[in-house]
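Subject: Structure handover

Dear colleague,

Please find the structure below, with its sequence. My notes on it come after.

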Amino acid sequence: MTTDTAMTPDGLSIFFPAYNDSGTIASLVIAARRTAQRLTTDFEIIIVNDGSADATAEIADELARTYPEVRVIHHPANRGYGGALRSGFSGARKALVFYTDGDAQYDPAELEVLWPHMRAGVDLVNGYKISRSDPLHRIVIGRIYHYTVKWLFGLTIRDVDCDFRLMRRAIFDTVRLEKNSGVICLEMMKKITDGGFGIAEVPVHHYHRAFGKSQFFNFSRLVRTAMDVGRLWVQLAVLGRHRRHAPSKTGPQLERDRP
């Protein structure tokens with residue numbers, strides 16, 4: 001970590017994509033609110049309820065009634081992880097945007113670890129997992145996916161799918177996200193990297209899932225993901241259409257912190 005003073009932000013939007021996360025969303029929002037209060041006086045917290053079938057919607061609405069900084073975006077039907085992220089980014093009103101998942105496998109309090117790295121020349125502070133707290137089969141599949149997509153898409157970042165990110169909202173003035181599935185993270189990191197945005201990487205903790213179960217690790221979804229990755233590879237790595245429509249900054253800078 002460098003010792004430069006962190007920038008003074010215009011404001012902070014925090015959002016949680018949530019799908020059947022009734023057991024965790026309240027504690028995450030409360031922890032995020034306490035953390036944000038230590039960082040800035042100008043913040044908002046958004047819950048993106050992605051068509052949950054449990055009590056997530058009711059809990060989210062109660063949180064919004066209790067805390068003036070909290071608001072909810074409801075999807076009447078499930079749009080997928082990418083659809084939830086796109087709603088969160090488009091709904092954010094502040095200059096800085098932080099998001100993490102509603103399943104509590106990351107601790108929102110660790111936003112304070114990312115915060116000092118958001119300085120001049122840095123557009124994205126990307127968390128990477130110190131170690132992955134998942135069953136062995138998920139770790140193995142995740143590792144294979146990680147190295148495969150890094151090679152296919154020419155990425156150098158340490159963790160493509162660590163959903164613990166602090167970003168400048170201005171990134172999306174030029175980066176347009178289109179995917180509704182989980183490959184949106186790969187799409188986002190490829191487009192941000194190719195756009196020449198400054199990236200810092202910081203280690204964060206990853207925790208066992210305490211409530212619910214993953215929606216990703218089943219055979220049919222893995223097949224669909226493989227097909228999505230293939231289509232995305234053609235669009236971004238082979239045809240490079242995104243490069244034709246967005247001005248590139250100077251080459252990306254990559255800053256890493258060791259655990």
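This is a predicted model: local features need pLDDT of at least 70, side-chain atom pairs count only at pLDDT 80 or more; totals for chains, interfaces and linings use all residues.

Residues are numbered from 1 along each chain as its sequence is written, and side-chain values use heavy atoms, with hydrogens and water left out.

Salt bridges

There are eleven salt bridges in the structure (a side-chain nitrogen of Lys or Arg within 4 Å of a carboxyl oxygen of Asp or Glu). Among them is the one between Glu 112 and Arg 38, at 2.9 Å from N to O. Helices (H or I, at least four residues) and strands (E, at least two) are DSSP runs, numbered from the N terminus. Glu 112 is partly exposed, at 32% relative accessible area; here buried means under 20%, exposed over 50%, and partly exposed in between (1.4 Å probe, protein chains only).

Another salt bridge joins Arg 71 and Glu 44, whose closest N and O atoms are 3.1 Å apart. Arg 71 sits in strand S3 (residues 70-75) and Glu 44 in strand S2 (residues 43-50), so the pair ties together parts 27 residues apart in sequence. Glu 44 is buried, at 5% relative accessibility.

The salt bridge between Arg 231 and Asp 228 has an N to O distance of 2.5 Å. Both residues lie within helix H7 (residues 219-238), three residues apart, or about one turn of the helix. Arg 231 is partly exposed at 40% relative accessibility, whereas Asp 228 is buried at 14%.

Strand S5

Strand S5 (residues 124-129) is mostly covered, with six of its six residues buried. In a regular strand the side chains alternate between the two faces of the sheet. In S5, Leu 124, Asn 126 and Tyr 128 point one way and Val 125, Gly 127 and Lys 129 the other way, and all are buried.

What does S5 pair with in the antiparallel sense? The partner is strand S6 (residues 164-168), over three bridges (strands pair if DSSP finds at least two bridges between them). Leu 124 has Met 167 as its bridge partner in S6. S5 also pairs with strand S7 (residues 199-204), in the parallel sense and over six bridges. In S7, Val 202 stands opposite Gly 127.

Regards
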